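Student: Can we go through this structure together? I have the sequence and the model open.
Tutor: Fine, start wherever you like.

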Amino acid sequence: MSEGFESLIVGKTLREAGVLLKQTSNMPAVFQDLQFDTRKVTKTGTLFVVKGDFKADYLTADLLEKISAFVCSQPIHTKKPQWLVSDSQIALASLSAAFFGHPEKELIILGITGTKGKTSSSYMAYAMLDQLTDHRTALFSTIDTIISPELHFKSHLTTPESYELFKNMRLAIEAGDRYLVMEVSSQSYLKKRVFGIHFQVGAFLNISPDHIGVNEHPTFADYIAKKKMLAENSDIFVSNIDDAHGQEFIEHARSFGAKALSISEMHPSDVTFTIQRADLDQSLFTVSHDHKETRYLLDIPGSFNIYNAVTAITMVEAIGFDPSKENAKKALADLQIPGRMVKIKTRSHGLIIVDYAHNGQSVSTLLTFLKSQHQGGRIIIVLGSPGDKGEDRRAQFGQVISEMVDVAYLTTDDPGSENPHVINDQIRAAITNPKVELHEELDRVEAIHLAIDQAGPKDLLLLAAKGDDAFQKTNRIDVPYIGDRKAALQYLAEIEKI
């Protein structure tokens with residue numbers, strides 16, 4: 001970022017983005033900072049972008065002393081100069097890119113979308129590419145933002161707000177990175193967080209109804225359309241054509257001029273793979289591309305994770321690297337992803353699986369695999385559903401519990417502004433199997449303890465959706481949370497003395 005953010009550049013950026021409607025007079029020549037969060041306004045001479053649920057009460061006298069001008073979609077009742085725009089989200093993304101010196105143009109960016117598997121695929125691509133680029137690769141994922149060994153932190157969103165996204169890109173470049181692997185959620189296109197970003201490689205994993213509700217996508221068609229925007233903004237696009245919509249994404253990418261690469265286990269495709277082994281211990285599979293076959297090992301269970309791995313392998317190869325090199329293969333084989341398919345073996349309380357599966361399809365896919373590997377005992381689950389989003393998940397969870405679960409503990413999972421008991425009632429309403437033993441415990445740690453107490457030596461207990469998430473999002477407050485894995489391990493240490 002250069003010294004100061006010139007007013008002329010602000011106006012030019014807003015015009016080029018197609019959102020500038022009006023500009024008031026007496027605009028300062030230069031701004032010393034750009035912000036969109038009132039809590040982070042610390043410098044005099046700040047340009048402030050008003051977005052989302054903004055209240056005039058936020059504008060204290062101290063704040064107005066520091067803010068020199070506003071960018072807003074509705075006029076602010078103040079004498080401060082203003083740029084009036086048609087879309088504040090696009091304005092924020094465009095200005096953030098300019099403010100941080102367009103870091104997106106200095107990075108080779110790999111983006112991954114899909115209802116499930118984005119985090120796993122991103123970690124897999126990152127693990128291989130970081131080795132192949134001599135540690136010049138960054139990762140922006142749901143779990144972690146990894147810029148360098150010295151600079152990494154927990155993420156708050158699957159795809160960060162545009163300001164944070166461009167800021168982190170600039171930090172990555174300053175740390176010596178030249179490659180970036182990132183998850184690209186449908187919300188990031190809905191909210192224009194990735195406006196103006198072009199991807200050297202994009203990928204589609206799968207899609208099923210999710211994130212449909214009042215505060216999210218109005219319809220499944222809109223959800224698909226937002227996912228497809230990654231294909232529209234990629235030079236090369238990789239798609240899993242074993243998904244019912246995979247070929248549709250291939251054709252969409254090609255219609256926008258992208259080179260499209262299909263992957264499949266079952267159909268003729270550009271990249272095919274065969275599975276030699278996929279159980280609770282490990283996965284062994286062979287990838288075939290351009291008359292070359294390579295065998296890979298993965299220590300993350302589940303055939304669905306092989307799809308994630310093949311997608312990552314194909315993306316890495318698509319930008320000119322060789323994922324069959326021993327250091328890349330070893331990185332993939334050694335990879336462990338926090339909160340994803342974590343196995344906890346107990347002495348007398350069966351097998352515990354901690355996984356981030358957080359919608360009906362992902363829980364169903366996971367339980368189908370686990371039931372095929374774990375015969376004889378009951379299936380016990382601990383889960384809740386988030387508030388203020390993904391309302392369709394609640395009925396999905398109820399249906400999956402009816403079909404695949406023996407004992408369910410309904411609990412709290414990022415309730416937001418909603419009552420978690422009411423959320424659980426909506427899950428309960430979709431449970432039609434009278435044989436399901438149903439409990440509710442809103443204290444998530446206590447629910448995990450009760451489920452472990454319930455589990456016998458042959459049972460399988462799934463702790464779903466939270467993984468190693470360090471917070472419970474409650475009434476706009478991030479309440480610290482120990483994480484499902486630690487909650488289970490600490491209790492087992494107490495009752496089993498391990």
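Student: Which residues touch the most other members of the largest nonpolar core?
Tutor: Phe285, Leu332, Leu367, Leu370, Ile381 and Ile401 do, in a core of 70 residues. A nonpolar core here is a set of buried Ala, Val, Leu, Ile, Met, Phe, Trp, Tyr and Cys residues joined through side-chain atoms within 4.5 Å. Buried means under 20% relative accessible area, exposed means over 50%, and partly exposed is in between, with a 1.4 Å probe and protein chains only. Before going on: this is a predicted model, where local features need pLDDT of at least 70 and side-chain atom pairs count only at pLDDT 80 or more, while totals for chains, interfaces and linings use all residues. Residues are numbered from 1 along each chain as its sequence is written, and side-chain values use heavy atoms, with hydrogens and water left out.

Student: What does isoleucine 401 touch?
Tutor: Ile381, Leu383, Ala408, Leu410, Ile427, Ile431 and Val436, leaving aside residues up to four places away in sequence. Contact means heavy atoms within 4.5 Å.

Student: And which residues does the second core include?
Tutor: That separate core has 51 residues, and Ala91, Ala138, Phe199 and Phe249 are among them.

Student: Phe249, then. Which residue does phenylalanine 249 pair with?
Tutor: Phenylalanine 204, in a stacked aromatic pair with 3.9 Å between centres and 10 degrees between planes. Rings of Phe, Tyr and Trp (its six-membered ring) pair if their centres lie within 6.5 Å; planes under 30 degrees apart count as stacked, over 60 as edge-to-face and the rest as tilted. The pair links distant parts of the chain, with phenylalanine 204 in strand E13 and phenylalanine 249 in helix H8, 45 residues apart. Helices (H or I, at least four residues) and strands (E, at least two) are DSSP runs numbered from the N terminus.

Student: Is phenylalanine 204 buried or exposed?
Tutor: Buried, at 0% relative accessible area. Phenylalanine 249 is buried too, also at 0%.

Student: How many aromatic pairs does the structure hold?
Tutor: It holds 13. One of them is tyrosine 179 with phenylalanine 321, edge-to-face at 5.4 Å centre to centre and 75 degrees between the planes. Those two are 142 residues apart: tyrosine 179 is in strand E12 (residues 179-183), and phenylalanine 321 is in the loop between helix H9 (303-318) and helix H10 (326-334). Tyrosine 179 counts as buried because its relative accessibility is 15%.

Student: Which residues form the aromatic cluster?
Tutor: Phe5, Phe36, Phe99, Phe100 and Tyr163 form one.

Student: Changing topic. What is the strand order in the sheet of 11 strands?
Tutor: E11-E10-E9-E12-E8-E13-E14-E15-E16-E17-E18, an open sheet with mixed pairing. Two strands pair if DSSP finds at least two bridges between them.

Student: Which strands does helix H8 touch?
Tutor: Helix H8 (residues 246-255) packs on the sheet and touches E13, E14 and strand E15 (259-264), with its direction at about 165 degrees to that of E14.

Student: What about the sheet of 6 strands, what order is that in?
Tutor: E19-E20-E24-E21-E22-E23, open and with mixed pairing. Strand E19 (342-345) and strand E23 (437-440) are at its edges.

Student: How many bridges join E20 to E24?
Tutor: There are 5, between strand E20 (residues 351-355) and strand E24 (residues 460-464), which run parallel. Aspartate 355 stands opposite alanine 464 in E24. Helix H14 (residues 444-454) packs on the sheet, touching E20, strand E21 (379-383), E22, E23 and E24.

Student: Last one. Where does isoleucine 207 lie?
Tutor: In the loop between E13 and H7. Isoleucine 207 is buried, with a relative accessible area of 9%.

Definitions and conventions:
Axes are lines fitted to C-alpha atoms, for helices over the stretch in contact, and angles run from 0 to 180 degrees between N-to-C directions.
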